[in-house]
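Subject: Structure handover

Hello,

Please find the structure below, followed by notes on what was found in it.

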Amino acid sequence: MTRSKTAVVTGANKGIGREIARRLATMGFKVWLGARNAERGTVAARELRSEGLDVQWLELDVTQDESVAAAARIVEAEGPCLDVLVNNAGIAINYELPPSQQHLADVRATYDVNVFGPIRVTQAFLPLLLAAPAARIVMVSSSTGSIGRALDSGNQSVNLMGYGSSKTALNAITVAFARELAPQGIKINAAAPGYTATDLNGFRGHRTVQQAAEIVIHLATLDADGPNAGYFNDDGPLPW
Ligand SMILES: NC(=O)c1ccc[n+]([C@@H]2O[C@H](COP(=O)([O-])OP(=O)(O)OC[C@H]3O[C@@H](n4cnc5c(N)ncnc54)[C@H](OP(=O)(O)O)[C@@H]3O)[C@@H](O)[C@H]2O)c1
């Protein structure tokens with residue numbers, strides 16, 4: 001009997017993460033739906049299971065060492081390995097204030113989730129990812145993390161210091177992990193889902209979660225010829 005592939009998606013109780021979980025489960029993955037809140041997590045997992053999908057809530061707050069370690073232990077207890085990790089959980093607090101007016105506490109809280117969270121989660125699940133034949137990790141980044149784009153567009157594009165720079169840092173973290181783990185067959189890439197209607201931006205984004213999930217699913221299911229250490233949106237590579 002062939003083993004079902006498994007995936008963990010952080011911040012998957014709503015928004016883009018929930019759609020990523022739904023898509024992976026539709027493709028036959030057993031999906032651990034990461035959520036920090038029990039009610040939100042169980043409700044989302046139950047809804048997806050009612051569509052006939054193999055989805056289970058996994059308690060996971062990416063800012064808490066013990067929560068992440070406990071989540072890794074639960075996944076380990078149920079199977080020998082983990083095929084896909086999607087570091088999707090992210091926040092944006094008072095993100096549209098000009099850089100000169102941003103509150104350091106907001107920037108720090110943003111980094112806690114968007115930067116330190118993916119490091120913590122990736123390190124905790126690494127033994128399970130290394131046990132898989134060809135694991136894939138996707139960091140859900142943003143085009144606002146592109147320094148090249150910011151410089152190219154001058155003052156035409158948004159200037160989100162705290163949130164944008166957290167994604168720039170996440171891009172650097174993607175490359176660092178990818179360089180270390182490539183010899184062991186793991187591919188790690190960053191995905192920019194585009195401006196999407198979710199809670200994160202008060203549903204002002206113009207893309208749907210289905211559109212946003214597309215690049216993430218592509219990078220989560222790359223074959224052996226696929227890229228490593230890249231930064232992509234639907235149209236291809238983005239400037240760093
Ligand atoms: N929407 C866009 O336009 C856009 C564009 C580019 C990139 N992104 C990125 O896409 C990802 C998903 O965002 P979204 O738009 O789908 O936002 P969303 O609807 O607000 O969802 C964010 C998810 O992250 C979770 N989360 C927040 N803090 C967490 C923590 N400490 N531990 C675990 N989970 C936590 C949230 O859980 P709770 O419900 O418990 O808060 C929620 O499930 C983020 O990384 C975001 O930066 C979004």
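Findings

With 19 C-beta neighbours inside 10 Å, Asn-233 counts as partly exposed; a residue is buried if 20 or more other C-beta atoms, placed from the backbone, lie within 10 Å of its own, exposed if 12 or fewer, and partly exposed in between. Asn-233 sits in strand β7, where strands are DSSP runs of E with at least two residues and helices are runs of H or I with at least four, both numbered from the N terminus. Leaving out residues up to four places away in sequence, Asn-233 touches Ser-143, Ala-192, Gly-194, Ile-215 and Leu-238; contact requires C-beta atoms, placed from the backbone, within 7 Å. Between the C-alpha atoms of Asn-233 and Tyr-111, which are 122 residues apart along the chain, the separation is 22 Å.

This is a predicted model, in which local features need pLDDT of at least 70 and side-chain atom pairs count only at pLDDT 80 or more, while totals for chains, interfaces and linings use all residues. Residues are numbered from 1 along each chain as its sequence is written.

The chain as a whole

The chain contains seven helices and eight strands. Its radius of gyration is 17 Å, close to the 18 Å that the globule rule gives for 240 residues, so the chain is as compact as a globular protein of that length. The radius is taken over C-alpha atoms, and the rule is 2.2 Å times the number of residues to the power 0.38. Along the principal axes, the C-alpha trace spans about 55 × 40 × 30 Å. Of the 240 residues, 48% count as buried. Among contacts with a separation of 6 or more, 67% are between residues 24 or more positions apart.

Leu-200 lies in the loop between β6 and α7 and counts as buried, with 20 C-beta neighbours inside 10 Å. Not counting residues up to four places away in sequence, Leu-200 touches Gly-15 and Ala-92. Leu-200 and Ile-93 are 107 residues apart in sequence, with 8.7 Å from C-alpha to C-alpha.

Helix α4

The 27 residues of helix α4 (residues 104-130) should span 39 Å at 1.5 Å a residue, and the end C-alpha atoms are 37 Å apart, which agrees. The expected span is 1.5 Å times one less than the number of residues. A kink of about 40° lies at Phe-116 in α4, shortly before the proline Pro-118; the bend is the angle between axes fitted to the seven residues ending at a residue and the seven starting there.

Positive phi values

Phe-203, in the loop between β6 (187-191) and α7 (209-220), is not a glycine but has a positive phi near 60°. Phe-203 is exposed, with 10 other C-beta atoms within 10 Å. Ala-229 also has a positive phi, of about 60°, although it is not a glycine. Ala-229 is in the loop between α7 and β7 (231-233) and counts as partly exposed, with 17 C-beta neighbours inside 10 Å.

Regards

Terms used: Contact = placed C-beta atoms within 7 Å.
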